[in-house]
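Subject: A structure for you to look at

Hi there,

Here is the structure I promised to pass on to you. Please open it next to this email, and then read on for what was found in it.

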Amino acid sequence: MAAGSERGARRTPQGGTVEQAKEACLRLLAVRARSRAELAGRLADKGYTDEVTESALTRLAEVGLIDDAAFAEEWVRSRHTYSGKGKQALAQELRRKGVAAADADAALSAISGEDETDRAAELVRRKLRTIPHDVDREKVMGRLVGMLARRGYGHGTAYAVVKAELAQHESERSGEI
């Protein structure tokens with residue numbers, strides 16, 4: 001047996017070898033990027049011991065296949081851009097995925113207040129196109145602020161964006177008549 005394969009082939013009382021754990025991680029990473037904590041949880045679910053899990057994850061991190069900071073940056077960029085998530089929701093998602101606070105904070109700092117406001121305004125404009133014209137203004141306001149709040153935007157940001165976009169929408173509508 002080669003020196004490098006001896007460690008990976010070592011059997012554990014339950015679960016499997018380090019090599020099997022690395023293969024399981026590679027299959028998961030082929031689907032989408034994952035945090036170290038997510039991979040550790042999946043390996044634990046499959047019955048791998050803590051020792052085998054730690055060895056496999058350490059090796060994958062050494063070769064650059066696991067990087068929580070890069071994962072957090074990509075997650076934030078993707079979810080903000082394509083799902084319209086605000087910073088609060090993104091921070092919560094990263095916590096659930098086991099990303100360290102320092103890595104999460106660094107990734108979230110890439111979203112400026114202006115970026116967040118612009119994305120919220122875009123979401124509101126899109127939603128305004130689907131709301132019937134005869135709905136009460138206060139009801140529309142509540143729906144839109146609630147929609148932004150559910151997506152993780154702060155109340156102050158949500159209210160300011162909705163107020164501005166609603167005023168713009170109403171002035172455009174009155175100009176059409």
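Arg36, for instance, has a relative accessible area of 23% and is partly exposed.

Two notes on how to read the rest. This is a predicted model, in which local features need pLDDT of at least 70 and side-chain atom pairs count only at pLDDT 80 or more, while totals for chains, interfaces and linings use all residues. Residues are numbered from 1 along each chain as its sequence is written, and side-chain values use heavy atoms, with hydrogens and water left out.

**The chain as a whole**

The protein chain has 177 residues, and 40% of them count as buried. Its accessible surface comes to about 10300 Å², with 49% of that belonging to carbon and sulfur atoms; these areas come from the Shrake-Rupley method with a 1.4 Å probe, and for residues only the protein chains shown count as cover.

Contacts are also worth a look; a contact means heavy atoms within 4.5 Å. Among the contacts with a separation of 6 or more, 62% are between residues 24 or more positions apart.

**Salt bridges**

Side chains of opposite charge can pair when their charged atoms come close. A salt bridge here is a side-chain nitrogen of Lys or Arg within 4 Å of a carboxyl oxygen of Asp or Glu. How many salt bridges does a search of the whole structure find? It finds ten, and here are some of them.

Arg36 pairs with Glu54, with their closest N and O atoms 2.7 Å apart. Arg36 lies in helix α3 (residues 36-45) and Glu54 in helix α4 (residues 50-62), so this pair ties together parts that are 18 residues apart in sequence. Glu54 is partly exposed at 41% relative accessibility.

Another salt bridge joins Arg77 and Glu74, whose closest N and O atoms are 2.6 Å apart. Both residues lie in helix α5 (residues 68-82), three residues apart, which is about one turn of the helix. Arg77 is partly exposed at 41%, and Glu74 is partly exposed at 39%.

Salt bridges that share partners also join Arg32, Glu38 and Lys97 into one network. Glu38 counts as buried at 15% relative accessibility, whereas Arg32 is partly exposed at 28%.

**Patches on the surface**

Patches are made of residues with over 30% relative accessible area and no salt bridge; like charges are joined within 9 Å, and nonpolar side chains (Val, Leu, Ile, Met, Phe, Trp, Tyr) within 5 Å. Lys and Arg count as positive and Asp and Glu as negative, while His and the chain ends are not counted. The place of a charge is taken as NZ of Lys, CZ of Arg, CG of Asp or CD of Glu.

Which residues gather in the patch of positive charge? They are Lys127, Lys139, Arg143 and Arg150. Helix α9 (residues 137-150) gives the most to this patch, with three residues. Lys127 has its place in helix α8 (residues 113-128) and is partly exposed at 41%.

There is a nonpolar patch as well: Leu26, Val63 and Leu65 together have about 230 Å² of accessible area. Leu26 is in helix α2 (residues 18-31) and is partly exposed at 33%.

Leaving aside neighbours within four places in sequence, His169 is in contact with Leu128 and His133.

Ala33 is in the loop between α2 and α3, and Asp67 is in the loop between α4 and α5. They are 34 residues apart in sequence and 9.3 Å apart in space, C-alpha to C-alpha. Ala33 is partly exposed at 44%, as is Asp67 at 41%.

Enjoy exploring!

Best wishes

Technical notes:
Buried means under 20% relative accessible area, exposed over 50%, partly exposed in between (1.4 Å probe, protein chains only). Helices (H or I, at least four residues) and strands (E, at least two) are DSSP runs, numbered from the N terminus.
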